[in-house]
Amino acid sequence: MTEMVRKITLSRAVRTMQDLFPVEYNFYPRSWILPEEFPLFVDEVQMMKESDPSWKPTFIVKPDGGCQGDGIYLVKDPSDVRLTGSLQSRPAVVQEYICKPLLVDKLKFDIRLYVLLKSLEPLEIYIAKDGLSRFCTEPYQEPTVKNLHQVFMHLTNYSLNIHSGNFIHSDNANTGSKRTFSSILCRLSSRGADVKKVWSDIISLVIKTIIALTPELKVYYQSDIPAGKPGPTCFQILGFDILLMKNLKPMLLEVNANPSMRIEHEQELSPGVFENVPSPVDEEVKVAVIRDTLRLVDPQKKKRKDIQSQTSEHVSETKDELLDAGPADGLEYDTSKTTEAGLPSLCLKQVFPKYAKQFNYLRLVDKVAALFIRFLGVKGTTKLGPTGFRTFIRNCKLSNSNFSMASVDILYIDITRRWNSMGIDHRESGMCLQAFVEAFFCLAQKKYKSLPLHEQVASLIDFCEYHLAALDEKRLVCGRGILERRSAVATCQTEGLQLTAAAHNTPPKAQSHS
Ligand code: ADP
């Protein structure tokens with residue numbers, strides 16, 4: 001999971017989905033991977049500027065694997081990206097900077113939402129109904145060359161803003177530099193904003209992001225936990241960082257695999273003397289997330305009473321009303337049935353499979369990953385060898401007079417070499433999932449020329465699944481035949497009879513008469 005949510009991997013996974021479903025995945029800023037896509041970045045920006053001369057973009061450069069705002073800076077022009085030194089040793093993502101965020105008290109803020117990925121297969125996702133809003137400490141101004149360097153104005157990271165003289169430790173949910181998300185929604189609601197729509201959009205963003213991550217996660221998962229064995233079950237609490245734009249559209253900034261669960265903060269009592277003091281806002285949100293996660297993943301559902309006596313409900317009624325009312329267009333929280341006797345109602349609400357019907361059409365890469373995993377062969381690997389790829393092509397009947405097995409090998413070598421030269425994972429040789437996905441898209445485009453990409457890919461998946469099912473059926477019939485023959489041999493041998501060659505193809509009963 002940690003690998004999957006690194007800035008580059010996440011950007012790649014989302015981009016694959018953007019290629020298939022550009023409208024559905026427009027909640028992630030346009031991004032480029034540095035240094036390898038620097039020329040593409042320059043060209044695309046140039047092209048966009050030419051087609052819209054009024055476009056005056058700003059870009060944010062974020063080192064891969066960085067956190068807490070470390071190494072992040074803003075630029076107005078691609079030529080300002082620091083290409084020498086650090087980029088070579090530490091690749092980065094450069095993305096369009098969202099210039100018009102929603103402001104509260106003239107300050108930029110972002111939202112940290114907790115999401116429980118309870119199970120991968122079947123996919124089960126829960127979202128916490130309250131999160132944190134983390135505020136900048138300098139009033140926001142749209143980026144100009146003069147203010148680009150002001151981190152307290154542009155970056156919402158707690159770890160940075162805590163060092164600002166303006167930082168206010170919150171002693172309640174509605175004020176200070178860290179507030180509950182529900183307090184922001186209450187404020188927006190009182191200004192007449194459609195907060196149900198905001199929630200609906202956020203739920204949709206979370207589900208779509210996880211759908212983008214699951215294909216590769218499954219490849220890693222099967223290599224660690226062999227299928228069919230009652231092995232360990234896993235869950236993950238993810239921290240989603242989301243920015244609301246001025247028009248209330250949520251944009252995904254990043255996903256954290258190891259979100260901070262601290263419920264205290266440091267306070268300087270006298271110069272140089274620090275003490276950990278409770279942080280009521282963190283406690284209100286995080287305790288509920290941990291409590292509910294344990295309730296949901298506890299396989300034996302035990303010790304309910306002990307937990308009950310240790311926890312108390314912090315959620316105010318007004319907040320519950322606001323969030324539980326749920327969004328208007330169908331994606332809403334399920335507050336019924338889930339309350340267990342004596343415990344506070346769940347703050348984690350199931351959104352998947354609850355809304356599976358609305359999102360399942362997006363799970364195309366999941367199906368491509370299932371094909372990939374099928375042909376991986378040896379347990380424990382994450383990359384496909386040339387023989388596995390050839391078998392995939394042969395079994396799915398993808399080779400023909402226009403696409404010879406020699407072309408198949410060239411396709412394999414070309415794509416695999418390129419992905420491996422990007423230096424992602426050198427532990428194994430062979431074709432990684434992303435390379436396979438690229439090859440699959442390539443084959444789909446070749447075979448179904450005039451359709452949109454997602455239809456081409458869906459058609460090729462159907463085609464492959466059809467041929468593989470037919471092959472499985474054939475093998476089953478053959479297998480049954482072999483089994484029957486084996487049992488016939490066993491029967492004959494126990495009865496001390498000799499089988500003649502001719503008897504091999506006749507049913508067991510007839511044989512016993514021969
Ligand atoms: P880190 O992991 O270092 O915190 P983030 O991707 O979360 O990196 O970025 C740090 C901060 O920068 C965010 O909390 C947000 O305030 C700001 N930020 C990041 N990306 C964008 C963007 N595309 N547009 C506007 N602000 C952004």
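Q: What makes a residue buried, exposed or partly exposed?
A: Buried means under 20% relative accessible area, exposed means over 50%, and partly exposed lies in between (1.4 Å probe, protein chains only). This is a predicted model: local features need pLDDT of at least 70, side-chain atom pairs count only at pLDDT 80 or more, and totals for chains, interfaces and linings use all residues. Residues are numbered from 1 along each chain as its sequence is written, and side-chain values use heavy atoms, with hydrogens and water left out.

Q: Why is Cys67 called partly exposed?
A: Its relative accessibility is 44%. That value falls between the cut-offs, so Cys67 counts as partly exposed.

Q: What makes Cys99 buried?
A: Cys99 has a relative accessible area of 19%. That is under 20%, so the term applies.

Q: Why is the contact of Asp64 with Arg6 called a salt bridge?
A: A salt bridge needs a side-chain nitrogen of Lys or Arg within 4 Å of a carboxyl oxygen of Asp or Glu. The closest N and O atoms of Asp64 and Arg6 are 3.1 Å apart, so the pair qualifies. Asp64 sits in the loop between β2 (59–63) and β3 (73–75), and Arg6 in the segment before α1 (7–20), so the bridge ties together parts 58 residues apart in sequence.

Q: Is Asp64 buried or exposed?
A: Buried, at 12% relative accessibility.

Terms used:
Helices (H or I, at least four residues) and strands (E, at least two) are DSSP runs, numbered from the N terminus.
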